[in-house]
Amino acid sequence: MNTELSDITIGNGRVFFDPDCPLCASLAARFRPILRSRRFSLLPALSGPLGVPLREMLLLTPDGRIYGGADAILHIAGYFWWAFSLRLLAGIPGMRERLRSLYRWIAAHRRCIGGRCALPRRPHWPGWLPLPALPVLAFAATARAPAWLDMWAIAGAIFLGCKWLSWWEGPRAPLGRTLAYFILWPGMDAATFLDSRNVPAAPALAEWLLASAKTALGAVLIWGVASRVPGSEPLLAGWIGMAGLIFLLHFGTFHLAALGWQRLGIQAEPIMCAPIAARSLGDFWGRRWNRGFNNLAQRFVFRPLRRRVGAPAATLLAFLASGVVHEAAISIPARGGYGLPTFYFLAQGAGLLLERSRLGRRLGLRRGVAGRVYALIVAAAPAYWLFHPLFVARVIRPFLEVLL
């Protein structure tokens, strides 16, 4: 919908929503601070500016135009740099009409009581939509770019989609803290980070020294070791450089970021928690390795599926989902090695089920030396499948050449 009206509004526009619609009211409460930061007024109204009952959200702009539904959302998105992906998506031929149809379908399928539409809870689809859409856009945008740039674009898109999902299902927070969560924190636990009631203790000096040492180790591996590997051993240089990147970012810089937020009174736990000290494979994946994505997989994949198919099948499906995500960030940029990251994560799921089985308990795989050795072998031995040679040769090695 796009029409004109002679009324002049204040700021960048007035957004009208139906206050008798629980879905609309919930979305209005969540986005009011964000819209206010761009001088949009959010107004409850049983009828819109034209005096007719609201069938969709309406935006009245200062120049007298009225945008409805998907067109209103796209117009507002132009005022936020972080919503650029939505504008890019709408720019694809035929996509704007598909977004309008999607909006109309949602409006038509809400349950209506007494002429007023209502939903018992906040819909989940807006939280999930960016997760498949953003990587597709990133892949299309970097189709002719170097493979390493393709990797970072797809990985960044997946990361942003996961952040959005965790934020959508989390608590509301002021705009500044919300932007900090999206831009300056790599974790995925929005409920913890955005809750001002969670005030951690100031980190100890030893934590700062440890995080700094891991960051320095990553830099040494990249610029001090990988750079000295003979050109006849490109895979060795790639593996060393990749280990350096992991130490520089995941173990080092991200740990420093967590300590910085803790120092400012915001609860932010490091995403890596001494994985080498894992007492079992379950301890490794559940508590120690990349806790941001693991928490997301637990919350949005494993727990919902466990109620439907049981814990063993849900475990394998959660690891399968991890495999698909890593295929997108590893095999697609490498243009090869398809299926190997998925096999790696399915092997982790199978190893975890064995650990929890009667045989695993009899062998003591969940504790002691046996548990530690088992976790190390299962997690590390098939890592060749996860970071396969094509990925190292076609993506990591060219990226290291840019760094070096």
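Both R288 and D283 are buried, where buried means under 20% relative accessible area, exposed over 50% and partly exposed in between (1.4 Å probe, protein chains only). The side chains of R288 and D283 meet in a salt bridge, at 2.8 Å from N to O; a salt bridge is a side-chain nitrogen of Lys or Arg within 4 Å of a carboxyl oxygen of Asp or Glu. The model described here is predicted, so local features need pLDDT of at least 70 and side-chain atom pairs count only at pLDDT 80 or more, while totals for chains, interfaces and linings use all residues. Residues are numbered from 1 along each chain as its sequence is written, and side-chain values use heavy atoms, with hydrogens and water left out.

The protein holds 19 helices and 7 strands, taken as DSSP runs numbered from the N terminus (helices H or I, at least four residues; strands E, at least two). Of the 404 residues in the protein, 45% are buried. The accessible surface comes to about 20700 Å², and carbon and sulfur atoms account for 65% of that surface; accessible areas come from the Shrake-Rupley method with a 1.4 Å probe, and for residues only the protein chains shown count as cover. Among contacts with a separation of 6 or more, 64% are between residues 24 or more positions apart, contact meaning heavy atoms within 4.5 Å.

Searching the whole structure gives 7 salt bridges. One of them joins the side chains of R335 and D150, at 3.0 Å from N to O. This pair links distant parts of the chain, 185 residues apart: R335 lies in the loop between α14 (311–334) and α15 (340–356), and D150 in helix α7 (residues 147–168). R335 counts as partly exposed because its relative accessibility is 39%, whereas D150, at 0%, counts as buried. Elsewhere, D71, E97 and R100 are linked in a network of salt bridges.

The side chains of R397 and E401 meet in a salt bridge at 4.0 Å, N to O. R397 and E401 are 4 residues apart in helix α19, which means that about one helical turn separates them. E401 counts as exposed because its relative accessibility is 51%, while R397 is buried, with a relative accessible area of 17%. Not counting residues up to four places away in sequence, R397 touches A226, P234, A237 and V392.

What is the arrangement of α11 and α19? The axes of α11 and helix α19 (residues 389–403) come within 8 Å and cross at roughly 70 degrees; axes are lines fitted to C-alpha atoms, for helices over the stretch in contact, and angles run from 0 to 180 degrees between N-to-C directions. The two helices are therefore roughly perpendicular to each other, as angles under 35 degrees count as roughly parallel, over 145 as roughly antiparallel, 65 to 115 as roughly perpendicular and the rest as oblique. Residues of α11 including P234, L235, A237 and W239 meet a set in α19 that includes P389, F391, I396 and R397.

Helix α11 also takes part in a surface feature. L235, W239, F343, Y384 and W385 form a nonpolar patch on the surface, with about 520 Å² of accessible area together. Patches are made of residues with over 30% relative accessible area and no salt bridge, like charges being joined within 9 Å and nonpolar side chains (Val, Leu, Ile, Met, Phe, Trp, Tyr) within 5 Å. Both α11 (234–263) and α18 (383–386) supply at least two residues each to the nonpolar patch. W385 is found in helix α18 and counts as partly exposed, at 36% relative accessibility.
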